[in-house]
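Hi everyone, and thanks for coming. I'd like to walk you through a structure that may be new to you, one region at a time. Here it is on the screen.

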Amino acid sequence: EMNFHIPTAMLLTAITTLIMGLSLAFTVTDYPRALQVPIRQWVRSLLVSPFAFLLFALRERIPDWASIVLANVLLIVSTTLLVQALRSYNRLGSLRAWSVANIVITLAAVSVMTYVWPSIAGRTLLVAGQLAVLFVFGIAAIYRPADQVTNPERMVASFLVVGVLVMILRMAYASGPLMTTLLDSTPMQSIVFTYGALMPVIATSGFLLMCGQRLNKDLARLATLDPLTEVFNRRTMTDLANKAVAASKRHGRPLSLLILDIDHFKRINDEFG
């Protein structure tokens, strides 16, 4: 006998996600401006998601337009915002037009499969397929070309890969004869909602680690480079010079130093900056 109570799991997920979203919302301004945009998008995702899970948990207690149509639309909106946050983090373009079209399609298709041609399997295939595609977009946003992927990014990407596999499994299950309603406690439902409960916690932890690593990298860059010319500042030049002198003495190799003296540099700097 299965003891996994789906509505309780959904309510716990909603509460946890809401708390995380509100907590993160109060810290956005503590980050540099370049990171505030992706963090705000991530916060919006965390604040939309609880309402989707709450409406799912109230299935059969509230009208279908809320517990089915609106709940699925909010789930797609939340996941879309998460993908947009990852794209903004890596300075990729927005998917706004595609996202709006996808949300409209979700609204129309779920409405049709709820009121015109009711089909639980059809709704499951549609939403699970859309979530799988969104997870793939999120993975692609992390594994962008020509850049080194950090460990926190691998952590988030790995969890999204698991999400793709879970959605594919859910689609295969929906196509079979064992498909049941959303609130039935089955092994498949347990897998899906366990992933759904862990998703905001693990993904948000990884995303914050990504932001922290980016912040440390930017601070290290500011500590070594002149912000105007982007050449090494005096402290870095001194450190490099000391290392070069030490290496020259250690290996017995000659060392040269080139000094340029620019005449009237103050006047040039005053006129041209």
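Let's begin with a pair of residues: Glu271 and Arg267 both sit in helix H9, four residues apart, about one turn of the helix. When I say helix, I mean a DSSP run of H or I with at least four residues, while strands are E runs of at least two, and the numbering goes from the N terminus. Before going further, please keep in mind that this is a predicted model: local features need pLDDT of at least 70, side-chain atom pairs count only at pLDDT 80 or more, and totals for chains, interfaces and linings use all residues. Residues are numbered from 1 along each chain as its sequence is written, and side-chain values use heavy atoms, with hydrogens and water left out.

Back to our pair. Glu271 forms a salt bridge with Arg267, and their closest N and O atoms are 3.8 Å apart. A salt bridge here is a side-chain nitrogen of Lys or Arg within 4 Å of a carboxyl oxygen of Asp or Glu. Side chains of opposite charge can pair when their charged atoms come close. Glu271 is exposed, with a relative accessible area of 52%, whereas Arg267 is partly exposed at 47%. For these words, buried means under 20% relative accessible area, exposed means over 50%, and partly exposed is in between, using a 1.4 Å probe and protein chains only.

How many salt bridges does a search of the whole structure find? It finds two. The other partners to look at are Lys266 and Asp270, which form a salt bridge with their closest N and O atoms 2.9 Å apart. Because Lys266 and Asp270 are four residues apart in helix H9, they are separated by about one helical turn. Lys266 is exposed, and Asp270 is too.

His264 is found between helix H8 (234-251) and helix H9 (265-272). The phi of His264 is near 55°, a positive value in a residue other than glycine, and His264 is exposed, with a relative accessible area of 57%. Arg91, in the loop between H3 and H4, has a phi near 60°, again positive in a residue other than glycine. Arg91 is exposed as well, at 61% relative accessible area.

Now to the inside. Which residues touch the most other members of the largest nonpolar core? Of its 60 residues, they are Ile39, Trp42, Leu86, Phe135, Leu160, Met199 and Phe207. The elements giving two or more residues to this core are helix H1 (6-25), helix H2 (33-57), H3, H5, H6 and helix H7 (187-224). H3 gives the most, with 15 residues. By nonpolar core I mean a set of buried Ala, Val, Leu, Ile, Met, Phe, Trp, Tyr and Cys residues joined through side-chain atoms within 4.5 Å.

Let's zoom in on Phe207. Not counting residues up to four places away in sequence, Phe207 touches Pro38, Ile39, Trp42, Ala85, Leu86, Tyr89 and Val156. Contact means heavy atoms within 4.5 Å.

Next, Ile139, which is placed in helix H5 (residues 120-142). Ile139 is buried, with a relative accessible area of 17%. Beyond its neighbours within four places in sequence, Ile139 is in contact with Ala157, Leu160, Val161 and Val164.

A polar atom of the Glu153 side chain lies 2.9 Å from the backbone nitrogen of Thr150. Leaving aside neighbours within four places in sequence, Glu153 is in contact with residues including Tyr89, Asn90 and Arg144.

Let's finish with Phe26, back in the loop between H1 and H2. At 69% relative accessibility, Phe26 counts as exposed. Phe26 and Val43 are 17 residues apart in sequence and 9.9 Å apart in space, C-alpha to C-alpha.

Conventions: Polar contact = N/O pair within 3.5 Å; in protein donor to acceptor, adjacent residues only side chain to side chain.
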